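Work through each task yourself, then compare your steps with the solution.

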Amino acid sequence: MFIMKVKAILFLTGAFLIFPQGFNSKAQTCRVSSGVNADGTRTYKEVFEFDYVEVKPEFPGGRPSMINYINQHRRYPAEAYARGVEGRVTYSFVVNTDGSVSNITVLRGVEPSLNREAIRIISKMPSWSPGKISGQPVPVRVICAVPFRK
């Protein structure tokens, strides 16, 4: 019986320590590279993570329209196609407060030509509706993938 009470106390204590973190009112942010200064030092900007903003950024027409956009604009690099290279290029980018897309980064590439093609497609995307916190537009990092299949 004593061991059961100790386990219950440890469980409740652990839950008490973890519980406040799960209900933190601050939105989760991350730093993304925004360039290199003349002296060679890298600069960063702080952006919000997609899951932690009240209003999510959205491609014009929603996710189905984004998939359609990618399918219409994707050009399979000829050499990669001939060699049978396939896969999904996973990337991140920032939807800025004006809806523009920037800071495109390949997180998990497939092959250099496919990675470049994914970046090309994303860099030409139309403006999104920006993410918002408390009604104010905020920069938000989005993670997506471009599939390449023969």
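**Exercise 1. Work out how helix α2 passes helix α4 in this predicted model: what is the handedness of the crossing, and which residues make the contact?**

Step 1. Find the two helices: α2 covers residues 63–73 and α4 covers residues 112–123. Their axes come within 10 Å and cross at roughly 125°.

Step 2. Name the orientation. Angles of 65 to 115 degrees count as roughly perpendicular and those over 145 as roughly antiparallel, so α2 and α4 are oblique to each other.

Step 3. Look at the handedness: the crossing of α2 past α4 is right-handed.

Step 4. List the contact residues. Helix α2 brings Tyr-69, Ile-70 and His-73, while α4 brings Glu-117, Arg-120 and Ile-121. Sorted by type, the residues of this contact are three nonpolar, one polar and two charged.

**Exercise 2. Decide whether Ser-92 is buried or exposed, and find what it touches.**

Step 1. Locate Ser-92 in strand β3, which spans residues 87–95.

Step 2. Check the accessibility. Buried means under 20% relative accessible area; Ser-92 has 5%, so it is buried.

Step 3. Look for neighbours, leaving out residues up to four places away in sequence. Ser-92 then touches Asn-103, Ile-104, Thr-105, Leu-107, Arg-141, Val-142 and Ile-143.

**Exercise 3. Find the partner of Arg-141 in a salt bridge, and say how many residues apart the two are.**

Step 1. Recall the idea: side chains of opposite charge can pair when their charged atoms come close.

Step 2. Follow the side chain of Arg-141 to that of Glu-49, where they meet in a salt bridge at 3.1 Å, N to O. It belongs to a set of four salt bridges in the structure.

**Exercise 4. Which residues do salt bridges with shared partners join into one network?**

Step 1. Start at Arg-83: its side chain meets that of Glu-79 at 2.9 Å, N to O.

Step 2. Arg-83 also forms a salt bridge with Glu-111, at 3.0 Å, N to O. Glu-111 sits in the loop between β4 and α4, and Arg-83 in the loop between α3 and β3, 28 residues apart.

Step 3. Join the pairs: Glu-79, Arg-83 and Glu-111 form one network.

Step 4. Compare accessibility: Glu-79 is exposed at 58%, Arg-83 is partly exposed at 46%, and Glu-111 is buried at 16%.

Conventions:
Residues are numbered from 1 along each chain as its sequence is written. This is a predicted model: local features need pLDDT of at least 70, side-chain atom pairs count only at pLDDT 80 or more; totals for chains, interfaces and linings use all residues. Side-chain values use heavy atoms; hydrogens and water are left out. Axes are lines fitted to C-alpha atoms, for helices over the stretch in contact, and angles run from 0 to 180 degrees between N-to-C directions. Helices (H or I, at least four residues) and strands (E, at least two) are DSSP runs, numbered from the N terminus. Angles under 35 degrees count as roughly parallel, over 145 as roughly antiparallel, 65 to 115 as roughly perpendicular and the rest as oblique. A crossing is left-handed if the near helix is turned anticlockwise from the far one by less than a right angle, and right-handed if clockwise. Contact means heavy atoms within 4.5 Å. Ala, Val, Leu, Ile, Met, Phe, Trp, Tyr, Cys and Pro count as nonpolar, Asp, Glu, Lys and Arg as charged, and the others, Gly among them, as polar. Buried means under 20% relative accessible area, exposed over 50%, partly exposed in between (1.4 Å probe, protein chains only).
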